[in-house]
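I opened a new notebook page today. Here is what I looked up, one entry at a time.

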Amino acid sequence: MKIDVDEIEFFGWETIHIDVLEATDEIAVNYKDMTVIEDTVSLMDSNNNLVQLQSFDYNNITEILRLKFPQLIPEKYYLYLEFNSTIRNDRKGLYISTYFNETGDKRNIATTFMAPNYARMAFPCYDEPEYKATYSIRISHRDNYFAISNMPALRVEPEGTTDGWLTTVFDKSLKTSTYIVAFIVCDFVGNKDPVANFTIFSQPSVIEDTDFALQYSQNVLKELELYLDRKFQYPKMDIIAIDDFLMGAMENWGIITYLSSRILVNDRTDEKAKHQVAKTIAHELAHQWFGNEVTHFYWSAVWLKEGLASLFEDSISGIIFPDWKTEDKFTLDTMLSVMQDDAGKTGVRQMFMEVETVEEIRNIYDFVTYKKAASVMRTMVFGMILW
Ligand SMILES: [Zn+2]
């Protein structure tokens, strides 16, 4: 993918490997708010024979492109297509965030926010959590920027014959859902742990405020590995502080993005804000197992990952900072407010919520998904212990 941060546009090309399991004459794929160039669409079978495209039909309500072909027998196929668009400014899909550098110049960075179904705004894909795939990502960018993604970079090479452009080639990812794929093109600076493969990136003026998060994140990861008796599955962890962000943080596998105020700590940060940073970090790191590795089959069950991550927010920060008494605070701050909300005017909402349309899925994040799910799970944990 070629990402031009200065001109605020991107151009992409991709090959999707598809296993056709039952005979069909149609291949469908999600995309939204971009141009997929019909002339570039080609389907090859496993013997490299071209299969003739018969029709190209995009529905902007369902956000699905339907491609018709002659009968496809069950085997492997390779779907190639090219696409382009402007980079967004609404903090969804691939979007621009800005900051002012130390000389007062306004700078752009390009970053991503894919959950729950905004990956289709960055590249055509199967944008459902159960359709996992491996990703081999290449990002071309101007040479005064660098690119990071879920996996480590294998190499950075000149971009064809274009002067002033580079291509960063990333290692192949583990099998993953689209909503935790991420890539960033920026000119940030890094605070790297000299021993562990852990780096925090931020705009230069606040890089010293990342020290707390760099140390604490590693402590949390160690505690989670110990508690769950399972290693973190990715070879590195990048953390990025971004000023323009849709939520507090996003748990992309191996590259967690945060709203700057949810990760930066300095002498002026009050205790409450510091606790919030600690809880957010524990939440996102818990997702590296719950959600990223073991995934809800559909968004109706998103409470499974959010409830567990919310539960670990307090239990893990309580292990690292016992004086904070976060476990006790859970009952007061979370459980009681859930009971109040649940008994409120709108009535009790069950945790498993039937959602179908793209808009219903985008509106599923509420107190039930996070706090109520965590409260019910905590009750089950203590119930089992008491038995
Ligand atoms: Zn979460």
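**Entry 1: strand 9 and its partners**

Which residue is the bridge partner of Asp45 in strand 9? I found that Tyr77 is the partner of Asp45. Before going on, I noted that this is a predicted model, where local features need pLDDT of at least 70 and side-chain atom pairs count only at pLDDT 80 or more, while totals for chains, interfaces and linings use all residues. Residues are numbered from 1 along each chain, as its sequence is written.

I also noted my terms. Helices (H or I, at least four residues) and strands (E, at least two) are DSSP runs, numbered from the N terminus. Two strands pair if DSSP finds at least two bridges between them.

Strand 5 (residues 42-45) runs antiparallel to strand 9, and four bridges join them. Strand 4 (residues 35-36) is also antiparallel to strand 9, with two bridges; here Val36 has Phe83 as its bridge partner. Strand 2 (residues 9-19) pairs with strand 9 (residues 76-86) through eleven bridges, again in the antiparallel sense. In that pairing I looked up Trp13, whose partner in strand 9 is Glu82. A reminder to myself: strands of a sheet pair through backbone hydrogen bonds, either parallel or antiparallel.

**Entry 2: a hairpin**

Next I followed strand 10 (residues 93-100) into strand 11 (residues 106-113); they are antiparallel and joined by eight bridges. Tyr95 has its bridge partner, Thr111, in strand 11. The two strands form a hairpin with five residues between them, and Gly104 in the turn has a positive phi of about 85°.

**Entry 3: an open sheet and a helix across it**

In what order do the five strands of the open sheet lie? I read the order as 17-18-19-21-20, with mixed pairing. Strand 17 (189-192) and strand 20 (249-250) are the edge strands, each pairing on one side only. Strand 18 (residues 198-202) and strand 19 (residues 237-242) are parallel, with four bridges, and Phe201 has Ile240 as its bridge partner in strand 19.

Helix 1 (residues 211-228) lies across strand 17, strand 18 and strand 19, at about 150° to strand 18. For such values, axes are lines fitted to C-alpha atoms, for helices over the stretch in contact, and angles run from 0 to 180 degrees between N-to-C directions.

**Entry 4: helix 1 against helix 2**

Helix 1 and helix 2 pack with their axes 10 Å apart, at an angle of about 45°. That makes helix 1 oblique to helix 2, since angles under 35 degrees count as roughly parallel, over 145 as roughly antiparallel, 65 to 115 as roughly perpendicular and the rest as oblique. Among the residues making the contact are Tyr216 and Leu224 of helix 1 and Val277 and Leu285 of helix 2. Contact means that C-beta atoms, placed from the backbone, lie within 7 Å.

UniProt lists Glu284 for "active site" in an unreviewed entry; its positions use the numbering here, feature names are shortened, and annotations may be inferred rather than shown by experiment. Glu284 sits in helix 2 (residues 271-287).

Is Glu284 buried or exposed? Glu284 is buried, because 26 other C-beta atoms lie within 10 Å. The cut-offs are 20 or more for buried, 12 or fewer for exposed, and partly exposed in between, counting other C-beta atoms within 10 Å, all placed from the backbone. Leaving out residues up to four places away in sequence, Glu284 touches Ala249, Glu251 and Ile256.

Asp57, in strand 7 (residues 55-59), counts as exposed because it has 11 C-beta neighbours inside 10 Å.

Terms used
Two residues are in contact if their C-beta atoms, placed from the backbone, lie within 7 Å.
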